[in-house]
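Here are my notes on this model, point by point. Please keep the structure open while you read.

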Amino acid sequence: MVLGSGWDDGGKVMKITFVFSILFVLILMTVQVQAAKTFVYCSEGSPSGFNPQLATDGPTFNASSHAIYNTLVEFKSGTTEVEAGLAESWSISKDGLTYIFKLRKGVQFHSNALFKPTRNFNADDVLFSFNRQRLSNHPYNKISGGNYEYFASMDMGKIIKDIVKKDDMTVEFHLSQREAPFLANMAMDFASIFSSEYADAMLKAKTPEKVDTDPIGTGPFVFKSYQKDTLIRYTANPDFFNGKPKIDKLVFSITPDASVRFQKLKVGECHLIAEPAPQDIDSMKSNNKIRVVETEGLNVGYLAFNTRRGPFVKKEVREALNMAFNRKAYLEAIYMNRAVLAQNPMPPTIWSYNEKIKGFDYNPEKAKQLLAKAGYPKGFETEMWTLPVSRPYNPSGKKMGEMMQADLAKIGVKVKLVSFDWPTYLEKSRKGEHQMIQMGWIGDNGDPDNFLNMLLSCNSVTSGSNLARWCNKKFSSLVEMAKQTSDIKKRTELYKKAQEIFKEEAPWATLAYARVFRAMSVDVVGYQLQPFGSELFEKVDLK
Amino acid sequence: MIEFWYLFRQNKGAVVGLACVLVLAVIALLAPWLTPHEPMTVFGDALKVPPFWQEGAQARFLLGTDDLGRDLLSRLIYGSRVSLGIGFFVVAFMTFFGVIFGVIAGSFEGWVDSLIMRSMDILMALPSILLSIVVVAVLGPSLVNTVIAVGIVSLPSVVRVVRASVLMEKKKNYVIASKSFGASWFRIYIINILPNCTAPLLIQATFGFSDGILSAAALGFLGLGVQPPIPEWGTMLSDARSYMESASWLVTLPGLCILVVVVAFNLLGDGLRDALDPKVKRT
Amino acid sequence: MLFVFLRKFLLVIPTLIGASLIAFALIRLVPGDPVLNLLGERGGNPQVVAEMRAKLGIDKPLAEQYWIFLKNALHGDLGDSIVSNRPVAEEFWSRFPATLELAGVSLVWSILLGLPLGILAALRRNSALDYSVIGVSLIGYSMPIFWWGLILVIVFSVQLGWFPVSGRLSVFFEVPPKTGFLLVDSLLSEEGWSAFVDAVKHLVLPSIVLGTIPLAVMARMTRSSLLEVLGEDYVRTAKAKGLSWFRVVYVHALRNALIPIVTVVGLMVGALLTGAVLTETIFSWPGIGRWLVKSVEARDYPVIQGGVLYLAFLIVMVNLIVDLTYLWIYPRMRSRT
């Protein structure tokens, strides 16, 4: 009896503890569920892969370099200034040809099902990351197609003469020429640092392509999975050297259509959306569950005159057309006033922007006079190529073309609008088959060289990015000189002068510096817009 | 002919379809006189004015204006020209080439026939929208190239129909008779046989009209069809997609126009088939 | 029967080779090339561009390129996508289940609804029901489905909020891909039922859009083939013999219903892609259609060649099966083919 009751009591106790422990576990579970903060970012396109060295597009960079990887130096959030990244400090030799990076200690690479790092980040990883792109006999050079587009188009293969490991934590870059923007280049996506230990392991396992499909980096987020054209999943990296991100899980929900992204934001399927359509911004602002943030963009939209063809050889004609465009009207109708009138070939966010220069005012009368002076009193017939894709710097090339057509008709210039699809457009324009062409540029590294040299120098006529095919000796030598100088003051002076020549010669009609927008749920805190339009989520949190 | 008209008239749907097609044709022909405005004129002060049944409408724009301030009614009316034009030329394209290939295949048989029919098999094996997208990409997006792309894709059906009826006719006595008189190939196949293939061809052509209009609109929707500012319904709809919520009439009305035109041609096609197809005549 | 099958099967090979040749040639006729597309606005000096083209093997003579493609294809290697650098086969099969699931569901509901509608319409010829079936199927058959999709989204997703706007599954469900079919995977996952319900909700609108035309065809064909059968002598005899109305219709209707079903399946495969491209575009559905269209834009040669080859094979095989089914249903057609 006693025994029995004791048993009985014991049974009760057991039952009670059992129930409590279950409850406890349940509570724990619910706590865990609540604690797991998932942040959903609706991106505009699928990444082409997870290796930023092999890509040139924003969606890939957002999904790879910005989330998973780090670079030796990085752009300070929200600015174009360079700050320490995986390199703690750096120094530049007097002749500007040697860059010495002191690496950060104690940085851990991620791990995944295939790989657990046994050592921390060191100089070997830096060497691996650059030599893969640089040396054609490197075992990884040919992996995944082996086209390092960005590295090649920035001419880095030529600029970097050699990379030397001084000790485990020191790396020296030797350049073949003075290159002032070099440090900024080291903060670009193609300069992401990969784990050489992982690469060796995958080479041994005969699956080297895993380095590109199952990425291992040092960045704030660890790659989990990718469902093609649908989702990318990440978890926070608890060992991230700048501190663990505030959210636990990060999801990229791939939604190519801007109006669908907006709808998903409204119904709560996204926390943040990429590239909202300009026409939706007003209704986003009036929605009290949505917050819209904006900043000045690092871009320029322009119309280039082919200075080697037809009437556009004459400076007066180019000036006249510049005056004929009612650019303010375009800002209103095409950019919905989400842009600033462009006066120079680069935006004011970049240092050495020449504020003294004012662009052409709308003046059709004077334009007519100038045309007459140039020998075209009755105008002429010509073609304009309209941008076939929607870009932040020009959301609707077709519509802008229609408005420009109407403006030019007023001064007697008859314009035929032409368009091709994007790759065709690029190919034909590189060959200079156009008369007038709409184009634009989004900056890579915040250096003036990236605009003025890339788009307007004599060299860039051959590389195809100078669509005005404008080769002005004076302009080109100024820009070249600035590139070879490391003194910022001197460079500023040279670039300002170059912009004056640009204004005088008018190879383009500069149109707009588009502002960058993001729309998000009001629950999102700590998000900062980047001038390059990239997405960083390490500081983001949900209320 | 009289029998045909009698049978045709019995099919009320077909008569309605014919009437619709005729009305549309008249609208398309008289577009310049029917439209209140030019289809490409931009009214900068009247962007996205709603149609008459909604608040904020303006009397001068019965069906409202689009995002650039162009009169929607005028654009829709001119759009009928574009769509019917596309339909017509698609049909002309596929009938012309379809008849040539079909008659050659049916008359010569042997390896020529095999070659043509295998090519048609290949065309049918390719996913049609992808084929037309690539053709448009090769030629560049424009009105004419849309017609060519859609025409190529719809070619196999015509070739098959023509070949089948040529094969059937050539076994008939009148052909054998004229062959025995030593008539030329041209005389036998083009003058004797071809007119007897008009019935199935006519049916095919009517459905070709509606298919062509639909395919062209789909290409337009994907941004690869007729290019703005030409008012093609599919392209208009696709351009207005981003205003789906703020200006829904820009999406609903062009789509409705496509639907009405396609329904009309399908009705007409059904009626023609009922009246012309001997198999259905029996029941 | 076996002979017919073999003969038809052998014809598949030249058709596929022809299709691959056309895909190969056409995509290369398109101006602009993949390298320039990758470089975008920045261009690149001609030497760099040439090097990149060489790495992709697109600088070789066309005949050689085609020969290499054909040789590798015979070994089951369709090359790597230029955009993603991944094997075309992998890219294809990771997207194909999404398209197949959408098409399958659309087909099933269009048959389940179209068949009884067609039968009822035929049985009550010239009734109000008959006319409405004819009318609805006419409209369905004529529907510009891209427009139809947009309208459904405005009404049911945006205004009523009943169904999600786009995609296959809410991001809050983590469903590990096992078969690629979310209806199956969701049930196998930890979230189970709730994930399944979510997947179904995502499927509703796209499958309505893609199923509209098959439904219309189904109803029309069932109706007309049944009317034809009901008028035939043996049915009249059967009726005269005193067989019940139900039995006559049931036995003969079901047997004859196979024809419209087979036809619709055959039709769907061709229409599948056309419809899928449009439907996938509207609903951001991660399937084959959208992928191929994007690859044309990017001049991703290997993807176009390989993808078209796969699809051509699929279309040809389904047509073959349809033909054989006809033969099986209608043995007397055998003599004609």
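1. Start with the contact between two domains of chain A. This is a predicted model. Eight residues of domain 2 of chain A are in contact with nine residues of domain 3 of chain A. By class, the domain 2 side of that contact has five nonpolar, two polar and one charged residues. The centres of domain 2 and domain 3 of chain A, taken over C-alpha atoms, are separated by 33 Å.

2. Next, the domain bounds. The assignment for chain A gives domain 1 as 69-216 and domain 3 as 299-514. Domain 2 of chain A is written as two segments, 220-295 and 517-543.

3. Look at the sheet in chain A. Four strands form an open sheet in the order β4-β5-β7-β6 (chain A), with antiparallel pairing. Which strands are at its edges? They are β4 (87-92) and β6 (160-167) of chain A, and each pairs on one side only. From one strand to the next, the twist averages 20°.

4. Now one pair in that sheet. β4(A) and strand β5 (residues 98-103) of chain A run antiparallel and are joined by five bridges. Within this pairing, A:Ser89 stands opposite A:Lys102 in β5(A).

5. A helix goes with these strands. Helix α4 (residues 123-134) of chain A lies across β5, β6 and β7 (170-175) of chain A. Its direction is at about 165° to β6(A).

6. Turn to chains A and C. Here 42 residues of chain A are in contact with 41 residues of chain C. Several elements of chain A give two or more residues to this side, including β1 (38-43), α5 (149-153), β10 (249-254) and α10 (258-266). Also among them are α16 (422-430), β17 (436-442) and α18 of chain A. The largest share, six residues, comes from α16(A). By class, the chain A side has 13 nonpolar, 19 polar and ten charged residues.

7. Chains B and C also touch. In this case 34 residues of chain B are in contact with 38 residues of chain C. On the chain B side, the elements that give two or more residues are α5 (110-125), α6 (128-139), α10 (198-221) and α12 (249-276) of chain B. The largest share, nine residues, comes from α12(B). The chain B side divides into 23 nonpolar, seven polar and four charged residues.

8. Chain B as a whole. Chain B has 13 helices and zero strands. Its C-alpha atoms fill a box of roughly 75 × 45 × 30 Å along the principal axes. Of the 283 residues of chain B, 49% count as buried. Take the contacts in chain B between residues at least 6 apart in sequence: 68% of them join residues at least 24 apart.

9. Check the backbone at A:Arg469. Phi of A:Arg469 is near 45°, a positive value in a residue other than glycine. A:Arg469 is found in the loop between α18 (459-463) and α19 (473-483) of chain A. Is A:Arg469 buried or exposed? A:Arg469 counts as buried because 21 other C-beta atoms lie within 10 Å, and the cut-off for buried is 20 or more.

10. C:Asn126 is not a glycine, yet its phi is positive, about 65°. C:Asn126 is found in the loop between α5 (88-123) and α6 (128-141) of chain C. C:Asn126 counts as exposed because it has 9 C-beta neighbours inside 10 Å, and the cut-off for exposed is 12 or fewer.

How values were computed
Residues are numbered from 1 along each chain as its sequence is written. Chains are lettered from A and ligands numbered from 1 in the order in which they are written. This is a predicted model: local features need pLDDT of at least 70, side-chain atom pairs count only at pLDDT 80 or more; totals for chains, interfaces and linings use all residues. Two residues are in contact if their C-beta atoms, placed from the backbone, lie within 7 Å. Ala, Val, Leu, Ile, Met, Phe, Trp, Tyr, Cys and Pro count as nonpolar, Asp, Glu, Lys and Arg as charged, and the others, Gly among them, as polar. Domain bounds come from an automatic or database domain assignment. Two strands pair if DSSP finds at least two bridges between them. Axes are lines fitted to C-alpha atoms, for helices over the stretch in contact, and angles run from 0 to 180 degrees between N-to-C directions.
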